[in-house]
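Visitor: I have a structure to go through and would like a walk around it. Can you put it up?

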Amino acid sequence: MHFRIYAAIAACTAVAGLVTRAEAHHRDFTFIRDWYLPFAGEKELESRTSYSAKDQTWIQEFEFELGITDHFAIEPGIEFHRDSEEDWHIDGYDVELRFNFLNFAYNTILPALNVEYEHPVDEEENDHGELKFIFSYYTPQGEDFSLNLNVGQELGGEKAKESEVLFGYVRPLSKPVKEEEHGYLLGWRGGFESQFDFQEHTLWLGPVVVCKVNKHLNGLATWLVPISHPEGQSSIIKAILEWEW
């Protein structure tokens, strides 16, 4: 079935499931999405910086996220690219519709769904669509276990497909401190992220470090290293800064 049909079905299902109130918004991973979304009316500016060591390529993304309801957010963005032989230039634009389901609870699998559309600036490249199926599990000790299954497809040309599975875990590195208004866990957190690409059959694995400074500012970084089939692959460093209000 064509990707657009999948996206339409997923979006309709998501809208039908917006029934309960979400909890505090924060991000624990750079590559992985978890269940949390912004509150209704909450806004966020996000800077994502990635560096590929092998070909010395930089990717810089800027995104604005707005909570429409406590279970639905929209996230438009723009992506820039630079390698060792070129100056910075715009790669393209994207918009992501983000949904989550159920009421927050500890020791419970919480599902979420992202529907993403990407439009490249280069006319020789095709638009791209992606579905991100998200499952998170939180514990009272501040742990976050999150699994993503991402499936994507070009919307033109040969309609090439891609898919990957990602898993991550973080926990507080010291006694967690809760921000009074919304219950954010402040301070340092750490763990790991992993990613397996089904087309390239490569597994990446690496540590992630998170610092939630206050209710506005969050920073995190990951260093992924190719574990299986490393030939032709590169380690990737990715850092994110978030400002929420």
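**Salt bridges, strands and a surface patch**

Guide: A network of salt bridges links R27, R33, E46, R48, E63, E65, E75, E96, R98, E116, E130 and K132. A salt bridge here is a side-chain nitrogen of Lys or Arg within 4 Å of a carboxyl oxygen of Asp or Glu. This is a predicted model, in which local features need pLDDT of at least 70 and side-chain atom pairs count only at pLDDT 80 or more, while totals for chains, interfaces and linings use all residues. Residues are numbered from 1 along each chain as its sequence is written, and side-chain values use heavy atoms, with hydrogens and water left out.

Visitor: How many salt bridges does the count come to?

Guide: The count comes to 14.

Visitor: Take E75. Which residue does E75 form a salt bridge with?

Guide: With R48; the closest N and O atoms are 2.9 Å apart. E75 is in strand β3 and R48 in strand β1 (residues 43-52), so this pair links distant parts of the chain, 27 residues apart. Strands are DSSP runs of E, at least two residues long, numbered from the N terminus.

Visitor: Are E75 and R48 buried or exposed?

Guide: Both E75 and R48 are buried. Buried means under 20% relative accessible area, exposed over 50%, and partly exposed in between, with a 1.4 Å probe and protein chains only.

Visitor: And K132, what does its side chain meet in a salt bridge?

Guide: The side chain of E116, at 3.3 Å from N to O. E116 lies in strand β5 and K132 in strand β6 (residues 128-138), so the pair ties together parts 16 residues apart in sequence. E116 is buried because its relative accessible area is 8%, and K132 counts as buried at 11%.

Visitor: Where is E96 found?

Guide: In strand β4. E96 has a relative accessibility of 1%, so E96 counts as buried. Its side chain makes a polar contact with the side chain of K132 at 3.4 Å. A polar contact is a pair of N or O atoms within 3.5 Å; within protein, one must be able to donate a hydrogen and the other to accept it, and residues adjacent in sequence count only if both atoms are side-chain atoms.

Visitor: What else is E96 in contact with?

Guide: Leaving aside neighbours within four places in sequence, the contacts of E96 include R33, E75 and E116. Contact means heavy atoms within 4.5 Å.

Visitor: Which strands does β4 pair with?

Guide: Strand β4 (residues 89-100) pairs with β3 (residues 72-82) in the antiparallel sense over 10 bridges, and with β5 (residues 109-120), also antiparallel, over nine bridges. Two strands pair if DSSP finds at least two bridges between them. A hairpin of six residues joins β3 to β4. I90 in β4 is the bridge partner of F80, and L113 in β5 is the bridge partner of F99.

Visitor: Moving on. Which salt bridge does K212 form?

Guide: One with E244, the closest N and O atoms being 3.5 Å apart. K212 lies in strand β11 (residues 202-212) and E244 in strand β13 (residues 236-244), so the pair ties together parts 32 residues apart in sequence. K212 counts as buried at 3% relative accessibility, and E244 counts as buried at 0%.

Notes:
Helix = DSSP H or I, 4+ residues; strand = E, 2+ residues; numbered from the N terminus.
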